[in-house]
Amino acid sequence: MQDSEGADFTAFVADRAHALLKTAYALTGDRHAAEDLVQAALAKAFARWRRIEEPEPYLHKMIYNDFVSGWRHRRRRPEVAMSWLPEHAAEEHMESTTTLRLMMREALLSLPPRQRAVLILRYFEDLSVEETAQVLSCRRGTVASQANRALTKLRELVPALDLAPDLVEGRR
């Protein structure tokens, strides 16, 4: 790689790495896993840097694809046995936006990788169904069905979402 290409790559990483990390964190829910996803994508992109016309969409697609297929290669994390059940918030405390957001985050992390990726692309990245299908290399119908299943599961896991439309529709 020539020095100018290396400088271009370094400038891109300095400018856009934080945005890539935010997306990866939204997918994984774990800072270290997010950093690993971004690092792996950047390492792959570095080798092909001069052939990449639009680096950010290219890297986003790599991150999403690595995340979705990553469950096949990931080491299983052992479950931790507990002698007691964690306490859950009582119904009267469910109004708290913070509590609802934390419950939403936990529910989102419990979704299968493809469903989580579809929701992140559609609602966090604000992509259309067509754009999401293009990033995930699948059909529009697959995006729609995965989003429907994911939203249904989120509503089951966090019934209070139906009572908090402002949280679902966007930040206020």
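**Exercise 1.** Is the crossing of α5 and α6 right-handed or left-handed? Determine also how the two helices are placed and which residues join them.

*Solution.* The model under study is predicted.
Step 1. Helix α5 covers residues 113-124, and its axis comes within 10 Å of the axis of α6. The two axes cross at roughly 135 degrees.
Step 2. An angle between 115 and 145 degrees is neither roughly perpendicular nor roughly antiparallel, so α5 is oblique to α6.
Step 3. The crossing of the two helices, α5 and α6, is right-handed.
Step 4. On the side of α5, the contact is made by Arg114, Ala117, Val118, Leu121 and Arg122. On the side of α6, Val129, Thr132, Val135 and Leu136 take part.

**Exercise 2.** Which residues of helix α6 are buried, and why do they line one face of the helix?

*Solution.* Step 1. Helix α6 spans residues 129-136. Buried within α6 are Thr132, Ala133, Val135 and Leu136.
Step 1. Viewed down the axis of α6, these buried residues fall within an arc of 160 degrees, and therefore they line one face of the helix.
Step 2. Glu130 also lies in α6. Its relative accessibility is 42%, so Glu130 counts as partly exposed, since that class runs between 20% and 50%.
Step 3. Glu130 and Val143 are 13 residues apart in sequence, while their C-alpha atoms are 8.4 Å apart in space.

**Exercise 3.** Is His60 buried or exposed, and which residues does His60 touch?

*Solution.* Step 1. His60 is part of helix α3, which comprises residues 55-70.
Step 1. The relative accessibility of His60 is 11%, so His60 counts as buried, because buried means under 20%.
Step 2. Leaving aside residues up to four places away in sequence, His60 touches Leu20, Thr23 and Glu125.
Step 3. His60 and Ala41 are 19 residues apart in sequence, and the distance between their C-alpha atoms is 8.5 Å.

**Exercise 4.** How many helices and strands does the chain have, and what percentage of its residues is buried?

*Solution.* Step 1. The secondary structure consists of eight helices and zero strands. Along the sequence, the pattern reads α-α-α-α-α-α-α-α.
Step 1. Of the 172 residues in the chain, 33% are buried.
Step 2. Consider contacts between residues at least 6 apart in sequence: 63% of these join residues at least 24 apart.

Definitions and conventions: Residues numbered from 1 in each chain as written. Predicted model: local features only at pLDDT ≥ 70, side-chain atom pairs only at ≥ 80, totals over all residues. Heavy atoms only, no water. Buried < 20%, exposed > 50% of the residue type's maximum accessible area, 1.4 Å probe, protein only. Helix = DSSP H or I, 4+ residues; strand = E, 2+ residues; numbered from the N terminus. Arc of directions from axis to C-beta. Axes fitted to C-alpha atoms, helices over the stretch in contact; angles between N-to-C directions. Parallel < 35°, antiparallel > 145°, perpendicular 65-115°, else oblique. Left-handed = near helix turned anticlockwise from the far one by under 90°. Contact = heavy atoms within 4.5 Å.
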